[in-house]
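Please keep the sequence and the structure in view while reading.

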Amino acid sequence: MRRGTVGSLVFILVVAIAAVVGTVVAGNEPELGLDLQGGTSVVLEPKEQVSRGILNQSIEIIRNRVDALGVAEPDISRLGGNIVVQLPGVKDADRALGIVGQTAELRFRPVAEILPPEGFKPSTTTTAPADPNASTTTTTEVPTTRREDDVADQPVVLPEFDDEGNVVARYRLGPTELTGKALKSARAAFNPDANKWAVSFTMTSEGATQFDELAKRNYRRQVAIVLDGVVKSAPEINATEFKGKGEISGDFSEREAKDLALVLRYGSLPVELEPQSTQRVSATLGKDSLRAGVAAGIAGLALVLLYMVLYYRALGLVVFLGLCVWGMLMWSIISFLGTTSGLALSLAGAVGIIISVGVTVDSYVVYFERLKDEIRSGKTVRSSVDRGFSRAFRTILAADVSSFIGAALLFWLTVGSVRGFAFFLGLSTLLDVVVAWFFTRPLVGLLGRNRVFTEARWLGVARGLAVAPAGGAT
């Protein structure tokens, strides 16, 4: 037996077991995609023809917004001239889509007057009737500015909404004095001293100067933060100089503070988008798909293993153990990437894994059939295992490289679920090479040198290779 054969076997087993134990202890588990756990998918279409660069910039801003929402493995991609946003496992789909789809420029406007939410403002005017002691009260209509009439350098009347979508106030606002380009970052945090949530923000170097000028002009007045024709907040300016940093405090809930921070960080898209189609997959339907996929995978794997044991005897058990090691590594990697990088296992990804099982089993067949050829040429089982593997491994490596190249090209050239299929197929192919070298090679070598396994009546390696039992003992 060559030096290092047992060491390779021990190494891969220790790595696989340690990976699984570490995954369980850390509480990691695979994140499921939209079609396996439910969620929402929306296609956003630009209102006007835009360049690919602007579309890609919009995708990055939307991805930042979605990542800040904490959605596991969102899929934001370009499909032709549209943007496809898939949000698996999202609980409040309306809120998520509302934040994702906000497309207008973030603007800071001074508040001239706070109006009631009903859509008009009562006012009293005095006329000159015949009776000098009499007066006439009239009502003046104050319509809310429509989004398409929200011109940056013009006064407007814009609403503020609560969580249920009801108008709680309207604001008569002056022209825009600052845009979201002046902001560098923002975050929501709980202030234990005030026992309230607040939003802190920082400005760019140029924006800091502009914001201080705005603060001096509007000291002790309210300034509205406006996005997409809606007032998100209207804090009062309580200082004339902020030096690039500030805080918005008020009676915020945690959700309101975090939503406002999101608006400030990723408020402006370079193009206006509108939903073209929206698809919602229920969690129940996703679980049904998952159960059906798992059942189909287990049934298919069981039939393959049964055939391998009947055809190759003890070597069929090598296939079973090899797939166990392969599965342990695959599960650990998927769980780790799901927790740290947001990788999600979709139905297409599961298909990629199932197909790769067939590729892995083919590797065993190539090796075992090569062993048969070596033995038919007059060699013993013992002398054939190493020679047969070295020759078969070239074929296995060529097949896996071809499969990996195809998976890499699919991942590079496609979007959406096809990329998930390609990623998991490529990952599975890499693991096939690792398991073949570190597990299959040394284990078959051990079995080929052990009389018990080569000459066993029903499961002997020699019988699996269709040679006389004596050939395994020489």
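Two strands pair if DSSP finds at least two bridges between them. Helices (H or I, at least four residues) and strands (E, at least two) are DSSP runs, numbered from the N terminus. This is a predicted model, in which local features need pLDDT of at least 70 and side-chain atom pairs count only at pLDDT 80 or more, while totals for chains, interfaces and linings use all residues. Residues are numbered from 1 along each chain as its sequence is written, and side-chain values use heavy atoms, with hydrogens and water left out.

β12 and β15 pair in the antiparallel sense, over six bridges, and Thr202 stands opposite Lys245 in β15. β11 and strand β12 (residues 196-203) are likewise antiparallel, joined over eight bridges. Within this pairing, Ala189 stands opposite Ala198 in β12, and Leu183 has Met203 as its bridge partner in β12. The hairpin of β11 and β12 has four residues between the strands, and Asn195 in this hairpin takes a positive phi near 60°.

Taken together, three strands form an open sheet in the order β11-β12-β15, with antiparallel pairing. Its edge strands are β11 (183-191) and β15 (245-252), each of which pairs on one side only. From one strand to the next, the twist averages 20°. Helix α6 (residues 254-265) packs on this sheet and touches β11, β12 and β15; the direction of α6 makes about 170° with that of β11. Contact here means heavy atoms within 4.5 Å. Axes are lines fitted to C-alpha atoms, for helices over the stretch in contact, and angles run from 0 to 180 degrees between N-to-C directions. As a general point, the side chains of a regular strand alternate between the two faces of the sheet.

Four strands form an open sheet in the order β3-β4-β2-β16, and the pairing is antiparallel. β3 (75-79) and β16 (273-281) stand at the edges, each with a single partner strand, so one side of each is left without a neighbour in the sheet. The twist of this sheet averages 20° from one strand to the next. Inside it, strand β2 (residues 39-46) and strand β4 (residues 82-88) pair in the antiparallel sense over six bridges; Pro88 in β4 is the bridge partner of Gly39.

The helices follow. Two packed helices are described by the angle between their axes and the distance between the axes. Helix α8 (residues 314-340) and helix α11 (residues 417-448) pack at an angle of about 140°, with their axes 9 Å apart. That angle makes α8 oblique to α11. Angles under 35 degrees count as roughly parallel, over 145 as roughly antiparallel, 65 to 115 as roughly perpendicular and the rest as oblique. The crossing of α8 past α11 is right-handed. A crossing is left-handed if the near helix is turned anticlockwise from the far one by less than a right angle, and right-handed if clockwise. Residues making the contact include Leu321, Val325 and Leu329 of α8 and Leu427, Leu431 and Val435 of α11. By class, the contact of α8 with α11 has 19 nonpolar, three polar and one charged residues. Ala, Val, Leu, Ile, Met, Phe, Trp, Tyr, Cys and Pro count as nonpolar, Asp, Glu, Lys and Arg as charged, and the others, Gly among them, as polar.

Helix α8 also packs with α1, at an angle of about 40° and with their axes 9 Å apart. α1 and α8 are therefore oblique to each other, and α1 passes α8 in a left-handed crossing. Among the residues of this contact are Ala16, Val20 and Thr23 of α1 and Val325, Trp331 and Ser335 of α8. The contact of α1 with α8 divides into 12 nonpolar, three polar and no charged residues.

Two residues complete the picture. Asn28 lies in the loop between α1 (5-26) and β1 (31-32), whereas Phe336 lies in helix α8. Which residues does Asn28 touch, not counting residues up to four places away in sequence? They are Thr23, Trp331, Ser335, Phe336 and Thr339. Phe336, by the same rule of exclusion, touches Asn28 and Ser341. Asn28 is buried, with a relative accessible area of 16%, and Phe336 is partly exposed at 47%. Buried means under 20% relative accessible area, exposed over 50%, and partly exposed in between (1.4 Å probe, protein chains only). The C-alpha atoms of Phe336 and Gly27 are 309 residues apart along the chain and are separated by 9.8 Å.
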